[in-house]
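I open the notebook on one chain today. I want to go through its aromatic rings first, then a loop residue, a strand pair and the core.

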Amino acid sequence: METNPIASTLPQQIAADGSPVTARATPSKYGAMRMARYLLRSFDDCFDVCETINCQVQERVERNDIEPVFREIECWAMAVPNTASSVIVGLGIPSLILEGQRTTTRPIRPLQLDFSKSPKPAVKRTDKALVIAHDVKSFFDLHALNHYLRNPEGLKAQGLELATIRKTMKMMIKKRDGVKANFALILTCTVESDEEKIASQSREKPESHV
């Protein structure tokens, strides 16, 4: 699957130099939303962004507010022109979180969010590829995808390993209507066909000697 230039879902409030600017006023008690954007060029970049924002929220908001804040952080994206698999993700993060102001006075054990009731990514398999598509409206949705891909048993059920995804994954986005989702993040991973697996396994078997 090729990554073609796709219409951006990013709001126009992003500054030309990439610096965070106010996206819009919200009733968040953690300050007005400010735009932060991140360049994703690989699978690991996506993991890093999710873990960075997760840590910032876990450290800087009250425990009961963690999941609501995850859902409050709206997420947009745009494909980077003339690249095979690069995406810019924009997140509307409350300003007090971006500024590093803590609201807790002692270290707390990170809250493990429950994604069991969240929509699972749509998965389609062909002879040569596995396509994973996930609708994203908020950071909660993006982090749910991160959680799904971090589950080795779930990947194994699809005949995949994390190492395979890291090596072969390509990213693209598809714009949504902005009501239930701003965009779909689409990951395409190359997989071996059954014939290729059999051939590979036969090559690995040691030759028998009479």
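Which residue lies over the face of F140? I looked this up in what is a predicted model. I find R71 there, 3.7 Å from the ring centre.

Entry, charges over rings. I then checked F47. R150 lies over the face of that ring, at 3.7 Å from its centre.

Entry, aromatic pairs. I count two aromatic pairs. In one of them, the rings of F70 and F139 have their centres 5.0 Å apart and their planes at 65 degrees. I class this pair as edge-to-face because the angle is over 60 degrees. I place F70 in helix α2 (residues 66-72) and F139 in helix α4 (residues 139-149), so the pair links distant parts of the chain, 69 residues apart. I note F70 and F139 both as buried.

I turned next to F115 and F140. Their ring centres are 5.0 Å apart and their planes stand at 45 degrees, which makes the pair tilted. F115 lies in the loop between α3 and β5, whereas F140 is in helix α4, so this pair ties together parts 25 residues apart in sequence. I find both F115 and F140 buried. F140 is also the ring that has R71 over its face.

Entry, S118. Is S118 buried or exposed? I read a relative accessibility of 12% for S118, and the residue counts as buried because the cut-off is under 20%. I locate S118 in the loop between α3 (95-98) and β5 (122-125). With neighbours within four places in sequence left aside, I find S118 in contact with F140 and A144.

Entry, strands. How do β5 and β6 pair? I find them antiparallel, with four bridges between β5 and strand β6 (residues 129-136). A hairpin of three residues joins β5 to β6. Across the pair, I see V123 opposite I132 of β6.

Entry, core. I looked up the largest nonpolar core and get 46 residues. V57, L91 and L149 have the most contacts inside this core.

How values were computed
Residues numbered from 1 in each chain as written. Predicted model: local features only at pLDDT ≥ 70, side-chain atom pairs only at ≥ 80, totals over all residues. Heavy atoms only, no water. Helix = DSSP H or I, 4+ residues; strand = E, 2+ residues; numbered from the N terminus. Buried < 20%, exposed > 50% of the residue type's maximum accessible area, 1.4 Å probe, protein only. Contact = heavy atoms within 4.5 Å. Pairing = 2+ DSSP bridges. Core = buried A, V, L, I, M, F, W, Y, C linked by side-chain atoms within 4.5 Å. Phe/Tyr/Trp six-rings, centres within 6.5 Å; stacked < 30°, edge-to-face > 60°. Lys NZ or Arg CZ within 6 Å of the ring centre and 35° of its normal.
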